[in-house]
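The sequence and structure come first.

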Amino acid sequence: MAQRITTLVLLIEILFLVSCVTHTAAYNDGEVIHVAGKVMCQDCSLNYDEWINGSEPIKGAVVSITCMDERRRVGYYGSDKTDERGQFDLIVNKFLYNGKDLKPQLCNVRLVSSPDQSCNIPTNFGDGQTGVKLVRPFSVFKDLVKYVVGPFYYTTPMCETPKFENNY
């Protein structure tokens, strides 16, 4: 029994190490980074079940990506509009104009605007308003490194939290 456990532990360690080496090698390959996600409208005036399950995609919402360099200066800024399903796919070149490599960990993806006047108040569900850091790729395969963020949500103007003076 002890030998089986030792063998199992060794097998798990080997699989973990192979996974890390493969992930690191693949993560460094490829010339572009894909960042995908969705932007939805969530209406707070609905009952709880409709509010949770009744979000609708927003076509034409703008999502941006800002990548900093090691000195905390903007190295890259780009944006994309969502399609009719509310989906976006930002494609970022890993090599900056000054010959340096872009580090995905220094990138932030966030909401910019919604064309839907009835649903244009950004929320922080999914960190869409403050932004999401790219921490770990969703998939790494050959030359493709893909991150998935969100979904991000906008809400109706009547759902906006009032802003008070002096933080009260």
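The structure holds two aromatic pairs; rings of Phe, Tyr and Trp (its six-membered ring) pair if their centres lie within 6.5 Å, and planes under 30 degrees apart count as stacked, over 60 as edge-to-face and the rest as tilted. This is a predicted model, in which local features need pLDDT of at least 70, side-chain atom pairs count only at pLDDT 80 or more, and totals for chains, interfaces and linings use all residues. Residues are numbered from 1 along each chain as its sequence is written, and side-chain values use heavy atoms, with hydrogens and water left out.

The pair of Phe88 and Phe152 is stacked, because the ring centres are 6.3 Å apart and the planes stand at 15°. Phe88 lies in strand 5 and Phe152 in strand 11, so this pair ties together parts that are 64 residues apart in sequence. Strands are DSSP runs (E, at least two residues), numbered from the N terminus.

The rings of Phe125 and Tyr153 have centres 6.2 Å apart and planes at 90°, so this pair is edge-to-face. Phe125 sits in the loop between strand 7 (121-122) and strand 8 (132-133), while Tyr153 is in strand 11, so the pair ties together parts that are 28 residues apart in sequence.

Buried means under 20% relative accessible area, exposed over 50%, and partly exposed in between (1.4 Å probe, protein chains only).

| Residue | Relative accessible area and class |
|---|---|
| Phe88 | 3%, buried |
| Phe152 | 0%, buried |
| Phe125 | 40%, partly exposed |
| Tyr153 | 16%, buried |

A nonpolar core is a set of buried Ala, Val, Leu, Ile, Met, Phe, Trp, Tyr and Cys residues joined through side-chain atoms within 4.5 Å. The largest one has 25 residues, of which Val35, Val39, Ile65, Val109 and Phe152 touch the most other members. Two or more residues come from each of strand 1, strand 3 (62-68), strand 5 (87-93), strand 6 (107-113), strand 10 (144-148) and strand 11 (152-155). Strand 1 gives the most, with four residues.

Contact means heavy atoms within 4.5 Å. Leaving aside neighbours within four places in sequence, Val35 is in contact with residues including Ile65, Phe88 and Val109.

Met40 is found in strand 1 (residues 32-42) and is buried, with a relative accessible area of 9%. Not counting residues up to four places away in sequence, Met40 touches Ser55, Glu56, Pro57, Ile58, Pro151, Phe152, Tyr153 and Tyr154. Met40 and Thr82 are 42 residues apart in sequence and 9.9 Å apart in space, C-alpha to C-alpha.
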